[in-house]
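Work through the following exercises with the sequence and the structure side by side.

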Amino acid sequence: MAEYERMLDANEEWARDFPGALPVAPARKVAVVACMDSRMPLFPLLGLAVGDAHVIRNAGGVVTDDTIRSLTISQHLLGTREIVLVHHTDCGLQKTDDASFADLVEEATGARPPWPAQAFTDVDEDVRESIRKLRASPFLLSKDVCGTVYDVTTGRLHRVEAD
Ligand SMILES: [Zn+2]
């Protein structure tokens, strides 16, 4: 059975107990920017319920133009005011560097990505870099940002202070 078929079956279960419609604006006025890592179930690990928060995910949980686009919509149209960053230990982006990754893709496909992978070595520094990028954005109404790193071996978050 293909994974999507298992997912469609799982959705039948979900819809049977569906709690009903909620307002589009997140109840806790918070947006989470996190890595796409499969070991981080953000709603339970942050104590969030359906309807509480926006969750913006990409490889590394990095702040790209598209992250800023989503946060700008989140704040201006949907009322969020806090941003929580969730990066993590043992990230896939610590296993390469931008040039090697571009080489890998180019060798396999013939096309070199015009965007950097945004690989990193020091995860705390990567969180601080994301905080700096958010604070430098002219589009956000609130720059109330909390940076964290999730330890995939213990399930614990630690906070990273901005510089
Ligand atoms: Zn990751």
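## Exercise 1: The surroundings of an annotated site

Aspartate 37 touches His88 and Cys91, when residues up to four places away in sequence are not counted. The model is a predicted one, and the contacts discussed here are computed from it.

Task: Locate aspartate 37 in the fold, and decide whether aspartate 37 is buried or exposed.

Solution. Begin with the chain position: aspartate 37 lies in the loop between β1 and α2 (42–45). Next, count the neighbours around this residue, where 20 or more other C-beta atoms within 10 Å make a residue buried. Aspartate 37 has 21 other C-beta atoms within 10 Å and is therefore buried.

Solution. Leaving out residues up to four places away in sequence, histidine 88 touches Cys35, Asp37, Met40, Val149, Tyr150 and Val152.

## Exercise 2: Strand pairing

Task: Determine which strands pair with β3, and in what sense each pair runs.

Solution. Take β1 first: five bridges join β1 to β3, and the two run parallel, with valine 32 standing opposite valine 84 in β3. On β4, the pairing with β3 is also in the parallel sense and extends over seven bridges; here histidine 88 stands opposite tyrosine 150 in β4. As for burial, β3 is mostly covered, since six of its seven residues are buried.

Task: Describe how β4 continues into β5.

Solution. Strand β4 (residues 144–150) and strand β5 (residues 157–160) run antiparallel and are joined by four bridges, and threonine 148 stands opposite arginine 159 in β5. The two strands form a hairpin with six residues between them, and glycine 155 in the turn has a positive phi of about 80°.

## Exercise 3: The nonpolar core and a helix beside it

Task: Identify which elements supply the largest nonpolar core.

Solution. This core has 31 residues, of which Ala31, Val32, Val33, Ile83, Leu85 and Val86 touch the most other members. At least two residues come from each of β1 (30–35), β2 (53–58), β3 (82–88), α5 (123–136) and β4, and β1 gives the most, with six residues. For one member in detail, valine 86 is in contact with Val32, Ala34, Cys35, Met40, Leu42, Gly61, Thr148 and Tyr150, leaving aside neighbours within four places in sequence.

Solution. Helix α3 (residues 65–76) has twelve residues and reaches 16 Å from its first C-alpha to its last, close to the 16 Å expected. Its buried residues are Thr67, Leu71, Ser74 and Gln75. What covers them includes β1, β2 and β3, whereas the face turned away from the buried side carries the exposed residues Asp65, Asp66, Arg69 and His76.

Methods:
Residues are numbered from 1 along each chain as its sequence is written. This is a predicted model: local features need pLDDT of at least 70, side-chain atom pairs count only at pLDDT 80 or more; totals for chains, interfaces and linings use all residues. Two strands pair if DSSP finds at least two bridges between them. A nonpolar core is a set of buried Ala, Val, Leu, Ile, Met, Phe, Trp, Tyr and Cys residues joined through C-beta atoms within 7 Å. A residue is buried if 20 or more other C-beta atoms lie within 10 Å of its own, exposed if 12 or fewer, and partly exposed in between; C-beta atoms are placed from the backbone. Two residues are in contact if their C-beta atoms, placed from the backbone, lie within 7 Å. The expected span of a helix is 1.5 Å times one less than its number of residues.
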